[in-house]
Structures are given as structure tokens and as C-alpha cells.
Amino acid sequence: MSAQVQGKVALVTGGASGIGAAIVELLAHEGATVVATDIDESNGPKLAARLKRAGCDVSFLLQDVTSEERWIEVVAEIGKRHGRLDVMVSNAGISIGVPSIVDMSLQDWRRQTAINLDGVFLSVKHSLPLMRKHGGGSIIVMSSILGLRGSASLAGYCATKGGVRLFAKAIAMDCAQVGDGIRVNSVHPGIIDTPIWGKTPTGAAGAGQNAPIDPEERARIAVPLGRAGQANEIAQGVLYLASDASRYVTGTELVIDGGTNAGGVVRAQAASR
Ligand code: NAD
């Protein structure tokens, strides 16, 4: 076991699945004490139990990130158990697609915004006081390349991910201004092969219907490196931002997307046809 975040206490929201689960695992293997939270009461405890058996210090707390009351309880519990919080990874998120924005219900708009944007606001509001008690730390907000560019059928999702991108920069400035030693950055994954793709309704097969999306198939067309990313490849970026190796990095955007946001390529195979 190496130790890039040895001695640090980390909270990871949405830690039961996909990118969050990979972050929990990597931070724990790199020496952190990790508290994973999620609404998934099946996979969250299983992940924590598996990592504990492997010698890691991981626990699971049930948490809906949209509940302010629960945020107060979760941060108090971490303070009681561990006495400090050094790394806050605000990762929980959902994605809701619609054929056109006119098909989006206000209820779905609000549900997605409550998790992706309000949840991030609450995470920062309630973790900052505990982080400040011990002289600083690192806040990492999970945005998306769809927080940098638009995408048909995902306007609401783009609005939340663009929102957290600038929210992170503003909090980075707040923290720098008071000199509390807290750095705040956003991470922008491209197409990553996680369960989110099976949960994302696109309405492509007709309004209100779920069309299954194969991330690998989509990535072969859309990603310059020609494949979907793996959750662990996002976790590696989060590890860098969580560790002291990034001590001079705040208010920035870490894009991990196989080149998607940089431009497009014509593959040799396709060009030779
Ligand atoms: P995922 O569905 O595998 O994991 C998301 C986790 O969030 C799940 O465990 C889910 O139970 C949890 N969650 C949902 N609502 C919650 C709530 N109200 N409170 C607490 N937890 C809740 O998806 P993922 O791909 O791992 O996504 C993680 C983050 O990465 C999300 O913010 C997503 O928008 C972002 N992202 C993913 C991709 C991708 O291609 N997979 C690309 C860009 C950004």
C-alpha cells in the first residue's frame, strides 16, 4: 500500500457505485480514512465491508445529499468519529435526458437540480467548518465535460454541471480570501463506463421512454482516444487533487475525457474506407 493521502479523512458522496466507488477504493488504498455515503443501502455497506476485509479504513453512512438535516448529522458523525475532515468529494449525481427541453417536467428538473447542484452546495456549506478547524483541506466537485459544453437532450444536466463548475471556482476564491488553506477544484469526466448510463432516460425511443445507452459504443464514435473511460481513471485525478501533490492547485478544472473536449478526430480506419 502506498500512501499519497495517508492520515487524511475523506468523505465521498455517491460512494456506492461507479466513479464514487472507485474514488472510495483508491483513496482508501492510498492510506485515507474514508467515509462513503449514498442512498444505496445495498452496495454501499458491501463496498465498505469488502475494503475493510482488505485492510482499509472505510465506513458507510446512508445519506441523501438533498437533505440539509442529514448533512448536519453526517458531518457531526465524522467529527465525532474522526475529529477532522480533510477531503470532501462531492460526487453524487444523476442524469435525466429528454428529446427536447419542452418535454422536461418541472419535477424532473427540480429532482436533478436538487441532487447535482443543491447537494453540492450543502456539501460545501456543512463540511467547510469542520475542514477549517484543522487548517485546511481539499474540496473536489464532480462536474462533467457537459459542464463545459452543451449536449442535445441533456440541457438540465448541463445546467447543473455548469453550475457546480463555477460554484467551485467561487468557493475557491472565498477560501483563498480568508486564507483557510482549503483548495476547491472541479473534475470533468467524459464518457465513463459506469451504471449511470443504464439509468439515464434519453427519450430517444420516444418521449418518456428509456433507450439503453452503451457508453462503449458511444465512445467509439465520440472520443478521440476511441474508448470509454474507466471509473478508476477518474479516481486517479481525484487522488491527485486530494493529495498534497496538488497543493498549489485551486479553482481549476481537471478534464479527464480521452480528448473529447479538445476536438474531434477522424480515425484512420474510417478515413481509409
Ligand atoms: P452512478 O450512477 O454509478 O453513481 C452515482 C451514485 O450517486 C449512485 O451510487 C447513486 O445511488 C448516488 N446517488 C444518486 N442520488 C443520490 C442522492 N440523492 N444522495 C446520495 N447519493 C445519491 O454514476 P457515476 O457515473 O459514477 O456518476 C458519478 C458522478 O460523475 C455524477 O455526478 C455524474 O454526473 C458524474 N459524471 C459521470 C459521467 C459518466 O460518464 N459516468 C460523466 C461525467 C460526469
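A polar contact is understood here as a pair of N or O atoms within 3.5 Å, where, within protein, one atom must be able to donate a hydrogen and the other to accept it, and residues adjacent in sequence count only if both atoms are side-chain atoms. The structure is a predicted model, in which local features need pLDDT of at least 70 and side-chain atom pairs count only at pLDDT 80 or more, while totals for chains, interfaces and linings use all residues. Residues are numbered from 1 along each chain as its sequence is written, and side-chain values use heavy atoms, with hydrogens and water left out.

In the loop between strand 5 (137-142) and helix 5 lies S144, helices (H or I, at least four residues) and strands (E, at least two) being DSSP runs numbered from the N terminus. A polar atom of the S144 side chain is placed 2.8 Å from the backbone nitrogen of L146. S144 is classed as buried because its relative accessibility is 6%, where buried means under 20% relative accessible area, exposed over 50%, and partly exposed in between (1.4 Å probe, protein chains only). The loop between strand 5 and helix 5 also holds S153, which has a positive phi of about 80° although it is not a glycine. With a relative accessibility of 27%, S153 counts as partly exposed.

Within helix 5 is found A172, which counts as buried because its relative accessibility is 0%. A172 and I182 are separated by 10 residues in sequence, and their C-alpha atoms are 7.6 Å apart in space.

The ligand is surrounded by 28 residues, of which the closest are S17, D38, Y157, T194 and K199; a residue belongs to these surroundings if one of its heavy atoms lies within 4 Å of the molecule. By class, this shell comprises 14 nonpolar, 10 polar and 4 charged residues, with Ala, Val, Leu, Ile, Met, Phe, Trp, Tyr, Cys and Pro counted as nonpolar, Asp, Glu, Lys and Arg as charged, and the others, Gly among them, as polar. Helix 1 (18-29), helix 5 (155-178) and helix 6 (196-199) each supply at least two residues of the shell, and helix 6 gives the most, with 3 residues.

For G190, a backbone N or O atom lies 3.3 Å from an oxygen atom of the ligand.
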